Amino acid sequence: MEQDIRLGDIVVLKKGHPCGENKWQIVRFGADCKIKCLGCGRIVLIDRPTLKKKIKKVIERQNEESAG
Ligand SMILES: [Zn+2]
């Protein structure tokens with residue numbers, strides 16, 4: 001089953017960053033994605049299929065705007 005991920009989500013990956021943190025925020029979501037390590041702030045470029053495979057779970061979802 002594919003992970004439903006969106007810009008701004010906080011995710012846990014199957015493998016953590018060498019800094020010891022394993023929470024990442026999606027800072028760009030497209031054909032190529034960028035994820036930011038919440039431990040050290042480093043941004044990693046990753047393609048979307050690889051990112052989806054690496055995600056263990058989404059732990060924080062941006063609230064959807066229902067207005068409009
Ligand atoms: Zn890090």
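These notebook entries record what I looked up in this structure, which is a predicted model.

**Entry 1. Overall layout**

I began with the secondary structure of the chain. I found one helix and five strands. Reading from the N terminus, I noted the order β-β-β-β-α-β. Of its 68 residues, 12% are buried. Among contacts with a separation of 6 or more, 34% join residues 24 or more positions apart.

**Entry 2. The sheet**

I next asked in which order the strands lie in the sheet. The five strands form an open sheet in the order E4-E3-E2-E1-E5, and the pairing is antiparallel. At the edges I found E4 and strand E5 (55-60), each of which pairs on one side only. The twist from one strand to the next averages 40 degrees. As background, I noted that strands of a sheet pair through backbone hydrogen bonds, in a parallel or an antiparallel manner.

**Entry 3. Strand E3 and its partners**

I then turned to strand E3, which covers residues 32-37. Strand E2 (residues 23-28) runs antiparallel to E3 and is joined to it by four bridges. One pair I looked up here is Ile26 with its bridge partner Ile35 in E3. The two strands E2 and E3 make a hairpin, with three residues between them.

I also examined the pairing of E3 with strand E4 (residues 43-47), which is antiparallel and has five bridges. Here Lys36 has Ile43 in E4 as its bridge partner. The hairpin of E3 and E4 has five residues between the strands. In this hairpin I noted Gly41, which has a positive phi near 85 degrees.

Which residues of E3 lie on its covered face, and which on its uncovered face? I listed Cys33, Ile35 and Cys37 on the covered face. On the uncovered face I listed Asp32, Lys34 and Lys36. In a regular strand, side chains alternate between the two faces of the sheet.

**Entry 4. The nonpolar core**

I looked up the largest nonpolar core and found eight residues: Val11, Leu13, Trp24, Ile26, Cys33, Ile35, Cys37 and Leu51. Strand E1 (10-13), E2 and E3 are the elements that give two or more residues to this core. E3 gives the most, with three residues.

**Entry 5. Trp24**

Is Trp24 buried or exposed? Trp24 counts as buried because it has 27 C-beta neighbours inside 10 Å, where the cut-off for a buried residue is 20 or more.

I then listed the contacts of Trp24, leaving aside neighbours within four places in sequence. They are Val11, Leu13, Ile35, Lys36, Cys37 and Leu38.

Lastly, I looked up the separation of Trp24 and Val44. The two are 20 residues apart in sequence, and their C-alpha atoms are 9.7 Å apart in space.

Definitions and conventions: Residues are numbered from 1 along each chain as its sequence is written. This is a predicted model: local features need pLDDT of at least 70, side-chain atom pairs count only at pLDDT 80 or more; totals for chains, interfaces and linings use all residues. Two strands pair if DSSP finds at least two bridges between them. A nonpolar core is a set of buried Ala, Val, Leu, Ile, Met, Phe, Trp, Tyr and Cys residues joined through C-beta atoms within 7 Å. Two residues are in contact if their C-beta atoms, placed from the backbone, lie within 7 Å. Axes are lines fitted to C-alpha atoms, for helices over the stretch in contact, and angles run from 0 to 180 degrees between N-to-C directions.
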